[in-house]
Amino acid sequence: MGRTPSAPAEADLAAELAQWLRSLRQQAGLTYQQMAHKTPTAGFAPATLWRAARGTTVPRWPVVEAFATACGGDLEQARRMWAAATEQRRSLRSASPGIRGEPVLRPEFIHTPAQLLQSMRAMQLEAGGLSLRELEDRAISHGVTLLPHSTVGAVLRGERMPAKRLLIHFVEACGVSRAPTGAWEDAWDRADAYRQWATGNSRSDHRGAPGSRDDHHQHVGAA
């Protein structure tokens with residue numbers, strides 16, 4: 001029997017697309033106002049371009065196209081990423097309501113920031129849908145003050161990658177993962193290496209992304 005598409009899967013690809021768009025803008029060094037001026041025929045306001053890079057939904061293709069064009073991005077890659085995220089969105093619309101999502105992805109299978117985000121969202125759900133305030137209170141009760149709800153909120157919205165210590169405190173606050181702390185630290189290292197490769201900040205000269213066959217580091221392949 002086939003598996004029903006889940007909400008974290010759709011959010012995963014939407015977050016991947018948004019992260020890629022944000023990296024394009026950072027590399028181009030443009031404000032959203034400047035981006036709007038660079039694509040006047042598209043007619044999109046700066047706020048529209050800003051929302052496209054939040055990762056909370058899948059933007060329309062013309063918006064993604066205008067965003068990538070303004071920043072000098074690869075339109076073919078933009079189209080592929082947008083199409084994949086859109087297809088998952090269509091699948092979700094036909095899925096049965098009330099599905100809470102997949103089990104928490106084991107840390108040894110995590111290689112990208114999007115996979116890390118998916119797992120964090122799944123942990124929050126598995127822990128009973130804890131609110132950001134409840135997560136912060138749990139951390140404080142364990143003597144941890146480095147889990148501010150505002151920062152965690154930005155992470156779960158896909159706006160930023162968590163710091164390694166914040167990830168560990170988040171995992172502990174949720175209390176649903178049986179993996180050792182070291183496994184989550186390794187997962188963060190792989191996701192951060194992928195992030196640096198994807199944004200062109202990696203010092204390595206690998207031909208493929210971290211975790212691919214071209215990467216000679218010891219990464220565990222996803223099942």
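Let's start inside helix α8, where Thr151, Val152, Gly153, Ala154, Val155 and Leu156 are buried; buried means under 20% relative accessible area, exposed over 50%, and partly exposed in between, with a 1.4 Å probe and protein chains only. That makes 6 of the 8 residues of α8 (residues 149-156), so this helix is largely enclosed by the rest of the structure. Its buried residues pack against α6, α7 (132-141) and α9 (164-174). After α8 comes glycine 158, with a positive phi near 80°.

Before going on, a word on what you're looking at. This is a predicted model, in which local features need pLDDT of at least 70 and side-chain atom pairs count only at pLDDT 80 or more, while totals for chains, interfaces and linings use all residues. Residues are numbered from 1 along each chain as its sequence is written, and side-chain values use heavy atoms, with hydrogens and water left out.

Now step back to the whole chain. It comes to 10 helices and 0 strands; helices (H or I, at least four residues) and strands (E, at least two) are DSSP runs, numbered from the N terminus. Of the 223 residues, 43% count as buried. Take the contacts (heavy atoms within 4.5 Å) with a separation of 6 or more: residues 24 or more positions apart account for 63% of them.

Back to α8's partner, α9. Here 8 of the 11 residues are buried, so α9 too is largely enclosed by the rest of the structure. The buried ones are Leu166, Leu167, Ile168, His169, Phe170, Val171, Ala173 and Cys174, and they pack against α6, α7, α8 and α10. Just after α9, glycine 175 has a positive phi of about 70°.

What about the nonpolar cores? A nonpolar core is a set of buried Ala, Val, Leu, Ile, Met, Phe, Trp, Tyr and Cys residues joined through side-chain atoms within 4.5 Å. The largest one has 26 residues, and those with the most contacts inside it are Leu17, Trp20, Leu21, Met35, Leu49, Val64 and Phe67. The elements giving two or more residues to this core are α1 (7-28), α2 (32-38), α3 (46-52), α4 (61-70) and α5 (75-94). Of these, α4 gives the most, with 7 residues.

Next, the rings. The structure holds 3 aromatic pairs; rings of Phe, Tyr and Trp (its six-membered ring) pair if their centres lie within 6.5 Å, and planes under 30 degrees apart count as stacked, over 60 as edge-to-face and the rest as tilted. In one of the pairs, tyrosine 32 and phenylalanine 67 have ring centres 6.2 Å apart and planes at 70°, so the pair is edge-to-face. Tyrosine 32 lies in helix α2 and phenylalanine 67 in helix α4, so the pair ties together parts that are 35 residues apart in sequence. Tyrosine 32 is buried at 13% relative accessibility, and phenylalanine 67 is buried at 0%.

Tyrosine 194 and tryptophan 197 form a tilted pair, 5.5 Å centre to centre with 50° between the planes. They are 3 residues apart in helix α10 (residues 181-198), which puts about one helical turn between them. Tyrosine 194 is buried at 18%, whereas tryptophan 197 is partly exposed at 33%.

Leaving aside its neighbours within four places in sequence, threonine 112 is in contact with Glu16, Ala191 and Tyr194. It counts as buried, at 9% relative accessibility, and its side chain reaches the backbone nitrogen of glutamine 115 at 3.1 Å.

Finally, how confident is the predictor? Its confidence in each residue is pLDDT, from 0 to 100. The mean pLDDT of the protein chain is 77, and 75% of the residues reach 70 or more. The value stays under 50 over residues 94-102, for which the model has 15 contacts beyond four places in sequence. It also stays under 50 over residues 204-208, with 6 such contacts. Where pLDDT is low, the predicted coordinates should not be read in detail.

Terms used:
pLDDT is the predictor's confidence in each residue, from 0 to 100. A polar contact is a pair of N or O atoms within 3.5 Å; within protein, one must be able to donate a hydrogen and the other to accept it, and residues adjacent in sequence count only if both atoms are side-chain atoms.
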